[in-house]
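Here's a quick tour for anyone opening this structure for the first time. Have a look at the model, then read on.

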Amino acid sequence: MSEQTRITPRSKDYPRWYLDVIAAARLASYSDVPGCMIIEPNGCALWDRVTELFGARIKATGHANVRYPALIPLSLLQRETEHVEGFAPEFAMVERLFGQKLEDPLVLRPTSETIMYADFAKKVQSRQDLPIMINQWCNVWRTEKRTLPFLRTFEFFWQEGHTAHATEAEARHEVMAMLEEYRRFIEGTLAIPCIPGQKTPGERFAGAVDTYSIETMMQNGKGLQSATSHYLGQNFAKAFGVKYSCGSGEFEYVYQTSWGMSTRIIGALIMSHSDDKGLVLPPRIAPVQAVILLIVDSKTSADGELRDGFLTAVRRQLDHAGISHVTDATDRKLGLKQYDWEKQGVPLRIVVGASEIDKGEITMIRRDASLKTIVPLGGLGAAAKLLLGSMQSDLLAAAQKRLRQNSRVCTSLEEIRSAFKAGNSFVYTGWAGTKEDEAGVKEAGDGVTLRCIPLEQPEQRVATCFLTGRPAEHQVILAKAY
């Protein structure tokens, strides 16, 4: 095996393993633009599946897709003070255009609230203009000093939903409804167990009243914020004049939300399921669910016409079962084909050679467990569908078990420090709930952050704050995170 295809074991160097899997699966590569990656065809196919499947959910919940400019006048960003202060360190600006210095520099969008809400102000006159429920799939830019493909890059891709409502109740319902859509998608389609929670004041989105997130645990125990949903209240509406007439010359500012999920979810997929052989993809998100490995050997292969007929029957079975598939008919040896497709994470490998044709049987190999299953050709579709369903369930079960085994309840700072030193990943504890207390979380250990206040509170509650000893206002999760 060449150095280019060798994958470093997770136990030896987890960060190196992550990069090796990305390279071996041909998901992404580095570009000549600092901090930016090239998303290769396999990576694009995976992101396309995310946009296809989650995009359908966005439309089903009543949101329409839009496209806004990628350049935002700095003056628009400056209208909401907390928002601009939160993002100012991450701005990338265009200061010259048409050979002249701009009086109002253009910012490469770090997020689109400001340019969208200036537009909302032009469109909302009466209550009949509400709600506004839109979403866009686009790229955004945030300067990063330390980059990591899919997880943190200068340019990345995402979807961002934005809504405006007449009442606070409608807006808050939207925030929680979309948080639940993320949970269902990440858990049900990506097979990654989720912890929905509310962000603490120090982790709140700049300009939001409340921020909620989906927190997930990677194989190395680190947390990853996988999606967010923000209740913006009337903060942006007041800054941009988004209001509607209530009659009798009175106006009411709208209540707004925003929510998003980015290409970092691909990083979550990699780190949740993959192994030392390469990428492992849950069948529901895999662009290709099965690969037919045709053994081409002039000495032993069956008659060409017979082989082609058999191959057609295999494809027809998969088509009828609704299983996406490709065929590898190259003249490489079976071992090399197996190794190549294994690295790419295709859930099911189907071997077709002279032996299978003679016996009228099919050999199937599940990617995650390397389990071989032999079935008659006539039963291929049903058997393949069953194997893919089992793989989807098993990947989720394994991730759920890892989450349980690496979570612990702690009552004191000393106990928390010991837990992180011992390798525990998520620590549940009590917190007094002040921003001042949040600044002291770093005392729990190097790199430890307060991830969220889980919406589903643990049965075993901690009565006092781990930092101050005061009565705990919340039960929270501490973890090291990406």
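This is a predicted model: local features need pLDDT of at least 70, side-chain atom pairs count only at pLDDT 80 or more; totals for chains, interfaces and linings use all residues.

Residues are numbered from 1 along each chain as its sequence is written, and side-chain values use heavy atoms, with hydrogens and water left out.

**The sheet**

- Helices (H or I, at least four residues) and strands (E, at least two) are DSSP runs, numbered from the N terminus.
- An open sheet is built from 11 strands, in the order S3-S7-S8-S14-S11-S10-S9-S22-S23-S21-S20, with mixed pairing. Its edge strands are S3 and S20 (407-409), each of which pairs on one side only.
- Two strands count as paired if DSSP finds at least two bridges between them. In general, strands of a sheet pair through backbone hydrogen bonds, either parallel or antiparallel.
- S3 (residues 64-65) runs parallel to S7, with 2 bridges between them, and Asn65 sits opposite Asn135 of S7.
- S7 and S8 run antiparallel and share 10 bridges; Ile132 has Ala164 in S8 as its bridge partner.
- Further along, S22 (residues 448-454) and S23 (residues 474-480) are antiparallel too, joined by 4 bridges. Leu450 is bridged to Leu478 in S23.

**Covered elements**

- "Buried" means under 20% relative accessible area, "exposed" means over 50%, and "partly exposed" is in between (1.4 Å probe, protein chains only).
- Strand S7 (residues 132-141) is mostly covered, with 10 of its 10 residues buried. Both of its faces are covered: one side has Ile132, Ile134, Gln136, Cys138 and Val140, and the other has Met133, Asn135, Trp137, Asn139 and Trp141.
- Why is H8 called largely enclosed by the rest of the structure? It's because 10 of its 10 residues are buried. Among them are Arg264, Gly267, Met271 and His273.

**The pockets**

- On a 1 Å grid over the protein atoms alone, a pocket is an open set of points where a 1.4 Å probe fits, with protein on both sides within 12 Å along at least five of seven lines; lining residues have an atom within 4 Å of a point. Grid points are joined across faces, edges and corners, and a volume is the space filled by probe spheres set on the points.
- The largest pocket holds about 1600 Å³ of space. Its lining has 49 residues, and those closest to the centre are Arg142, Glu144, Arg152, Gln225 and Arg264.
- Elements giving two or more residues to that lining are helices H1 (14-24), H4 (81-87) and H8 (264-273), along with strands S8 (155-165), S11 (223-233) and S14 (255-262).
- By class, the lining of the largest pocket has 18 nonpolar, 15 polar and 16 charged residues. Here Ala, Val, Leu, Ile, Met, Phe, Trp, Tyr, Cys and Pro count as nonpolar, Asp, Glu, Lys and Arg as charged, and the others, Gly among them, as polar.
- The second largest pocket has a volume of about 460 Å³. Of its 16 lining residues, Cys194, Ile195, Leu403, Tyr428 and Glu456 are the closest to the centre.
- S9 (195-198) and H12 (380-405) each supply at least two residues of this second lining, and H12 gives the most, with 3 residues. The lining splits into 9 nonpolar, 3 polar and 4 charged residues.

**The cysteines**

- How many disulfides does a search of the whole structure find? It finds 0, with a disulfide being a pair of cysteine sulfur atoms within 2.5 Å.
- Cys452 is in no disulfide, as its nearest cysteine sulfur, in Cys194, is 11 Å away. Cys452 is buried, at 0% relative accessible area.
- Cys465 has its closest cysteine sulfur in Cys410, 14 Å away and too far for a bond. Cys465 is buried as well, at 2%.

- Is Ser262 buried or exposed? At 11% relative accessibility, Ser262 counts as buried.
- Ser262 belongs to strand S14. Apart from neighbours within four places in sequence, Ser262 is in contact (heavy atoms within 4.5 Å) with Trp47, Phe156, Phe157 and Trp158.
- Ser11 lies in the segment before H1 and is exposed, with a relative accessible area of 76%.
- From Ser11 to Thr363 is 32 Å in space, C-alpha to C-alpha, and 352 residues in sequence.
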